[in-house]
Amino acid sequence: MTLVNIIGSGKMARGIAVRMLHGRQPVHFLGRNGEQTRALVESLGAGATGGSVGDAIDGSVVFLAVPHSETRSVVLEYGDGLKGKIIVDISNPVDYATFDKLTTAPGTSAAEETAALLQGQADVVKAFNTTFSATLEEGAVAGQPLDVFIAGDSETAKRQISSLVAAGGLRPIDVGPLRRSRELEAFMLLVMGLQVNPEHDRYNWNTAVKILP
Ligand SMILES: NC(=O)c1ccc[n+]([C@@H]2O[C@H](COP(=O)([O-])OP(=O)(O)OC[C@H]3O[C@@H](n4cnc5c(N)ncnc54)[C@H](OP(=O)(O)O)[C@@H]3O)[C@@H](O)[C@H]2O)c1
């Protein structure tokens, strides 16, 4: 059993927790809004616990379920508290005002920025940026289990996240080193651009990115 820590108590925190609990892994939320965190814990029932951002972290896996713009302050606030952990970056660094560009510099990615902040003290894995929160609760779209694309430079860390994903009823796909996050993040700019485009009314926030068969 792996204690899965999730920083944040919003939509993705909930969706990821639902899959982890499905796989019988306990989850611990570190929220900045106590009331929201408590309500989330209560709604999920057995296996879910909560605390506050800044609390010491037990367990080796930490999901950053905060906006990309906030990753830096969260990582810096924890400092050495993240040493030796597997940090899962789920963010989509998209300019949400226009859906026309990424907010990262060319030649890098949000996940690589996170790794640079951690200065090699923790293993960063990119995962879950291609799954939408509502679809995670179901775990499937159109009867097909969601694919979770996983990038990272530590094979051990990727294996651990892959097994959590599989236990949660989803299909993990290792796409290679952490620099593949550039493609995962850029692809979601394209997908979200379709979702907000009224000409494509069949694409919405309940669609999924999946490789078939
Ligand atoms: N929504 C999706 O379908 C989806 C899909 C794939 C990836 N993502 C990525 O997942 C991440 C979370 O998205 P979301 O949709 O779950 O957003 P959300 O519902 O707005 O939740 C964000 C959470 O982050 C917390 N937070 C914000 N700034 C913080 C800070 N400085 N310190 C501590 N906590 C902070 C918020 O706390 P408060 O409630 O107090 O503001 C909230 O609990 C983003 O990086 C997004 O790109 C989202």
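Predicted model: local features only at pLDDT ≥ 70, side-chain atom pairs only at ≥ 80, totals over all residues.
1. Overall form. The chain contains 7 helices and 10 strands. Its radius of gyration is 16 Å, close to the 17 Å given by the globule rule for 213 residues, so the chain is as compact as a globular protein of that length. Along the principal axes, the C-alpha atoms occupy a box of roughly 45 × 35 × 35 Å. Of the 213 residues, 41% count as buried. Among contacts between residues at least 6 apart in sequence, 66% join residues at least 24 apart.

2. The sheet. An open sheet is formed by 8 strands in the order β3-β2-β1-β4-β5-β6-β9-β10, with mixed pairing. Its edges are β3 (48-52) and β10 (171-176), each of which pairs on one side only. From one strand to the next, the twist averages 25 degrees. Helix α2 (residues 34-44) packs on this sheet, where it touches β2 (27-31) and β3, and its direction makes about 170 degrees with that of β3.

3. The β9-β10 pair. Strands of a sheet pair through backbone hydrogen bonds, either parallel or antiparallel. Here β9 (residues 147-152) and β10 run parallel and are joined by 5 bridges. Ala151 has Gly176 of β10 as its bridge partner.

4. His68. This residue is placed in helix α3. His68 is buried, because 22 other C-beta atoms lie within 10 Å and the cut-off for burial is 20 or more. Leaving aside neighbours within four places in sequence, His68 is in contact with Ser91, Asn92, Pro93, Thr103 and Ala110. His68 and Asp95 are 27 residues apart in sequence, and their C-alpha atoms are 10 Å apart in space.

5. Helix α4. The buried residues of α4 (residues 110-118) are Ala110, Ala111, Glu112, Glu113, Thr114 and Ala115. They pack against α3, β5 (86-89), β6 (123-126), β9 and α7 (181-195). Just after α4, Gln119 takes a positive phi of about 50 degrees.

6. Backbone geometry to inspect. Most residues other than glycine have a negative phi, and most peptide bonds are trans. Phe128, although not a glycine, has a positive phi of about 65 degrees. Phe128 is found in the loop between β6 and α5 (133-138), and counts as buried because it has 27 C-beta neighbours inside 10 Å. Ala142 likewise has a positive phi, near 55 degrees. Ala142 lies in the loop between β7 (140-141) and β8 (144-145), and counts as exposed, with 8 C-beta neighbours inside 10 Å.

7. The cis peptide. Leu212 and Pro213 are joined by a cis peptide bond, with omega at about 0 degrees. Pro213 lies in the segment after α7.

Key. Residues numbered from 1 in each chain as written. Pairing = 2+ DSSP bridges. Helix = DSSP H or I, 4+ residues; strand = E, 2+ residues; numbered from the N terminus. Axes fitted to C-alpha atoms, helices over the stretch in contact; angles between N-to-C directions. Contact = placed C-beta atoms within 7 Å. Rg over C-alpha atoms; globule rule 2.2 N^0.38 Å. Buried ≥ 20, exposed ≤ 12 C-beta atoms within 10 Å, placed from the backbone.
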